[in-house]
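Subject: Structure handover

Hello,

Here is the structure for you to look at. My notes on it come after it.

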Amino acid sequence: MVRFIVQAVVTALGLWLASAIVPGVGFTGQWSLIWAAVLLGLVNAIVRPILTILTFPLTVVTFGLFLLIVNAATIGLTAMLLKGFVVDGLWAGIGAAIVTGTVSWLAAILIPDRS
């Protein structure tokens with residue numbers, strides 16, 4: 001449970017940074033940011049593995065770059081499910097995926113895993 005909360009906080013930080021940097025990504029308020037982080041965590045836990053398996057041949061052919069599209073799709077799905085979170089198009093989704101992925105990667109380096 002603590003790991004999920006830490007991951008949600010890191011995701012919220014990544015989404016906030018993406019909304020500040022990437023044009024077309026935005027929130028109506030801080031609660032929509034928090035709910036978007038929690039919902040994105042659930043979507044990443046449930047939907048993303050299915051999409052990753054289904055698109056494995058494309059991922060291999062593109063040397064892993066298609067995973068950016070998969071990550072953008074999960075962010076777009078989260079925006080579709082949550083009213084206060086806006087992602088305007090594929091490029092905004094890809095930009096948000098790059099920013100949130102980078103923030104998560106940095107957090108994984110800086111925060112030790114105690115499991």
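The model is predicted, so local features need pLDDT of at least 70 and side-chain atom pairs count only at pLDDT 80 or more, while totals for chains, interfaces and linings use all residues. Residues are numbered from 1 along each chain as its sequence is written, and side-chain values use heavy atoms, with hydrogens and water left out.

Helices and strands are DSSP runs numbered from the N terminus (helices H or I, at least four residues; strands E, at least two). Helix α1 covers residues 2-21, and its end C-alpha atoms are 29 Å apart. That agrees with the 28 Å that its 20 residues should span at 1.5 Å a residue, where the expected span is 1.5 Å times one less than the number of residues. Its buried residues are Ala8, Val10, Thr11, Ala12, Gly14, Leu15 and Ala18. Buried means under 20% relative accessible area, exposed over 50%, and partly exposed in between (1.4 Å probe, protein chains only). These buried residues of α1 pack against β1 (25-27), α2 (30-54), β2 (85-87) and α5 (90-110), with contact taken as heavy atoms within 4.5 Å.

Helix α4 (residues 66-81) has 16 residues and reaches 23 Å from first to last C-alpha, close to the expected 22 Å. Val70, Ala72, Thr74, Ile75, Thr78 and Ala79 are buried in α4, and they pack against α2, β2 and α5.

Val2, Val6, Trp105, Leu106, Ile109, Leu110 and Ile111 make a nonpolar surface patch of about 730 Å². The elements giving two or more residues to this patch are α1 and α5, and the largest share, four residues, comes from α5. Patch residues have over 30% relative accessible area and no salt bridge; like charges are joined within 9 Å and nonpolar side chains (Val, Leu, Ile, Met, Phe, Trp, Tyr) within 5 Å. A salt bridge is a side-chain nitrogen of Lys or Arg within 4 Å of a carboxyl oxygen of Asp or Glu. Valine 2, in helix α1, counts as exposed at 63% relative accessibility.

One aromatic pair turns up in a search of the whole structure. The ring centres of phenylalanine 27 and phenylalanine 85 are 4.7 Å apart with planes at 5 degrees, so the pair is stacked (centres within 6.5 Å, planes under 30 degrees apart). Phenylalanine 27 lies in strand β1 and phenylalanine 85 in strand β2, so the pair ties together parts 58 residues apart in sequence. Phenylalanine 27 is partly exposed at 22% relative accessibility, whereas phenylalanine 85 is buried at 3%.

Regards

Conventions
Accessible areas come from the Shrake-Rupley method with a 1.4 Å probe; for residues, only the protein chains shown count as cover. Rings of Phe, Tyr and Trp (its six-membered ring) pair if their centres lie within 6.5 Å; planes under 30 degrees apart count as stacked, over 60 as edge-to-face and the rest as tilted.
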